[in-house]
Amino acid sequence: MPASTSKSIPAATRQRLLDAAARVFARKGLEGATTREIAREARVNEVTLFRHFKTKDNLLAQVVQRTFDRQEETLAAQCPPARPTSKSAAPDLRASLRRYAQRYHDLLKHNLPLLRTLIGEIHRHREHELRVFKGVFTPLKAELQATIKSAQADRQVRPGIVPLVAADVFGSMIFTEVFRRASPYRPKYLSSRYLKACVDIFARGIEN
């Protein structure tokens, strides 16, 4: 668990420090970032940073926690689940897949600079590694598994499909798109076209 910060820290100051730390970590890397630069970016004295976070690692822990914890709840609040097409039917599979693809895509894209840094360097911070990789690969997965399982019960999906495996496959398709966009080999077509193709290809592979 990350070390707790001082209860006396003003919320605005804490927010500025966390925002600044996320930017500096993304820009300089976890090892290259210094508390002096983070404090300067946040427009506070370095002593203030240490008073409230004690160490750079504690600050990193708070950044990781803020980035990943409860993001599924936030996304669910922003976009409520699709409704069944009838009282007895499961929610429309393709509509649910489209919603999932867009929400996961937006989540990854929003946090991309920091995610790239964390994925590349987090092995040096084992105590945070599990939280980072869970945050990258599991958002919304439980919801997608439930959707696929419900669609199976409604005979929209073939009985032999394993919902957990299917959810991992679909999530990986979205993950690849977002990270490839940030590389020198970014595709010429729009993300919207890719997401549409993902839904179509994936759905054809699991539908009854």
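**View 1. The lining of the largest cavity.** Ser 96, Arg 99, Tyr 100, Arg 103, Glu 143, Leu 144 and Thr 147 line the largest cavity. Two elements each give two or more residues to this lining: α6 (93-110) and α9 (141-153). The model is predicted. Which helix gives the most to the lining? Helix α6 does, with 4 residues. By class, the lining has 2 nonpolar, 2 polar and 3 charged residues. The space inside the largest cavity is about 40 Å³. The structure holds 1 cavity of 30 Å³ or more. Rolling a probe the size of a water molecule over the atoms shows where empty space is left.

**View 2. Helix α2 against helix α3.** Two packed helices are described by the angle between their axes and the distance between the axes. Here, α2 (residues 35-42) packs with α3 (residues 46-53) at an angle of about 105°. Their axes are 8 Å apart. Angles of 65 to 115 degrees count as roughly perpendicular, so α2 is roughly perpendicular to α3. Which residues make the contact? From α2 come Thr 35, Arg 36, Ile 38 and Ala 39. From α3 come Glu 46, Leu 49 and Phe 50. The residues of this contact divide into 4 nonpolar, 1 polar and 2 charged.

**View 3. Helix α9 crossing helix α10.** The axes of α9 and α10 (residues 163-181) come within 9 Å. They cross at roughly 125°. That angle makes α9 oblique to α10. The crossing of α9 past α10 is right-handed. On the α9 side, the contact is made by Lys 141, Leu 144, Gln 145, Ile 148, Lys 149 and Gln 152. On the α10 side, Pro 163, Leu 164, Ala 166, Ala 167, Asp 168 and Phe 170 take part. How many residues of each class does the contact of α9 with α10 have? There are 7 nonpolar, 2 polar and 3 charged. Leu 144 is also one of the residues lining the largest cavity.

**View 4. Helix α6 meeting helix α7.** Helix α6, which lines the largest cavity with 4 residues, also packs with α7 (residues 112-121). The angle is about 75°. The two axes are 5 Å apart. At this angle, α6 is roughly perpendicular to α7. Where do the two helices meet? Leu 108, Lys 109 and His 110 in α6 meet Leu 112, Pro 113 and Leu 115 in α7. By class, this contact has 4 nonpolar, 1 polar and 1 charged residues.

Notes
Residues numbered from 1 in each chain as written. Predicted model: local features only at pLDDT ≥ 70, side-chain atom pairs only at ≥ 80, totals over all residues. Heavy atoms only, no water. 1 Å grid on protein atoms, 1.4 Å probe; cavity = no way out; pocket = protein on both sides within 12 Å on 5 of 7 lines; lining within 4 Å. Points joined across faces, edges and corners; volume = space filled by probe spheres on them. Nonpolar A, V, L, I, M, F, W, Y, C, P; charged D, E, K, R; others polar. Axes fitted to C-alpha atoms, helices over the stretch in contact; angles between N-to-C directions. Parallel < 35°, antiparallel > 145°, perpendicular 65-115°, else oblique. Contact = heavy atoms within 4.5 Å. Left-handed = near helix turned anticlockwise from the far one by under 90°.
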